[in-house]
Each structure stands twice: as C-alpha cells, then as structure tokens.
Amino acid sequence: MPQQQRLWITSQIKGYSVDYNVEFDGLVENASDYQIDELYRYEGETDPADESSVYGIRNTKTGEKGVFVAGNLSLIEGKKRDIILDLEMKYKQNH
C-alpha cells in the first residue's frame, strides 16, 4: 500500500475527515480558529526536492478535523500559503 494511501487511512481513523485542499473557505474566514495538530513531511526517493507536507488541522472551536496536503508551498496561491505558513509557525512554537 502506498505511503500516502496509508496516511489517508490513518487520518480517517484519527478523525481527520475534511479535505482542506477542497474545503479551505472556513480557514480563510476564521484562520485564528484553526491549529495544526500533526505535521508530516515526505521526500521523494530519488529527489529530496520532491517534497510533500501533510497537515492535520483542527478547528479549536468546533473540533472539526481535516487534512491539507501540499507539495512546494511556494507554488500555492497567496492567501492559502500565508494561512498554512502562519499555522505552521504556531505549530513549531508549541512543539
């Protein structure tokens, strides 16, 4: 079973059921209500620059949990990138 598929199954078991790559509007409207609970980084086997990041994100007010998957963050549009980077900085300060 591919690693990303195993991660998706694991995220479902842990209750991370929202796909924030598709349903990002809530984060845009209320970014301060969200936090990253889990962060995984994967590098390509032949090219370390081929990186993916998987974010386990939770709404601290509602408890809703989901996953955001990103390759190179510099390729993501401005507002999404800014929100994810801000949440990641807060995550790193707490871990």
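Me: Is Val 22 buried or exposed?
Reply: Val 22 is exposed, with a relative accessible area of 65%. Buried means under 20% relative accessible area, exposed over 50%, and partly exposed in between, using a 1.4 Å probe and protein chains only.

Me: What should I know about the model itself and the numbering?
Reply: This is a predicted model, where local features need pLDDT of at least 70 and side-chain atom pairs count only at pLDDT 80 or more, while totals for chains, interfaces and linings use all residues. Residues are numbered from 1 along each chain as its sequence is written, and side-chain values use heavy atoms, with hydrogens and water left out.

Me: Back to Val 22, where is it?
Reply: Val 22 sits in the loop between E1 and H2. Here H marks a helix (DSSP runs of H or I, at least four residues) and E a strand (at least two), numbered from the N terminus. The C-alpha atoms of Val 22 and Val 67 are separated by 10.0 Å, and the two are 45 residues apart along the chain.

Me: What order do the strands of the sheet have?
Reply: The order is E1-E4-E3-E2, in an open sheet of four strands with mixed pairing. Two strands count as paired if DSSP finds at least two bridges between them.

Me: Which strands stand at the edges?
Reply: Strand E1 (18-19) and E2 do; each has a single partner strand, so one side of each is left without a neighbour in the sheet.

Me: What packs on the sheet?
Reply: Helix H3 (residues 78-94) does, touching E2, E3 and E4. The direction of H3 makes about 95 degrees with that of E2. Axes are lines fitted to C-alpha atoms, for helices over the stretch in contact, and angles run from 0 to 180 degrees between N-to-C directions. Contact means heavy atoms within 4.5 Å.

Me: How many bridges join E3 to E4?
Reply: Six bridges join strand E3 (residues 51-59) to strand E4 (residues 65-70), and the two run antiparallel. Val 54 has Val 69 in E4 as its bridge partner, and Ile 57 has Gly 66. In the hairpin of E3 and E4, five residues lie between the strands, and Gly 63 takes a positive phi near 85 degrees.

Me: And E2 with E3, how many bridges there?
Reply: Nine bridges, in the antiparallel sense. Gln 35 stands opposite Arg 58 in E3.

Me: Why is E3 said to be largely enclosed?
Reply: Because seven of the nine residues of E3 are buried. Asn 59 lies in E3 and is buried, with a relative accessible area of 6%. Leaving aside neighbours within four places in sequence, Asn 59 is in contact with Asp 33, Tyr 34 and Glu 64.

Me: Where is Asp 33, then?
Reply: Asp 33 is in the loop between helix H2 (25-29) and strand E2 (34-43). Asp 33 is buried too, at 13% relative accessible area.

Me: New topic: which residues touch the most other members of the largest nonpolar core?
Reply: Tyr 20, Leu 27, Tyr 55, Ile 57 and Phe 68, out of 17 residues. A nonpolar core is a set of buried Ala, Val, Leu, Ile, Met, Phe, Trp, Tyr and Cys residues joined through side-chain atoms within 4.5 Å.

Me: Which element gives the largest share of this core?
Reply: H3, with four residues.
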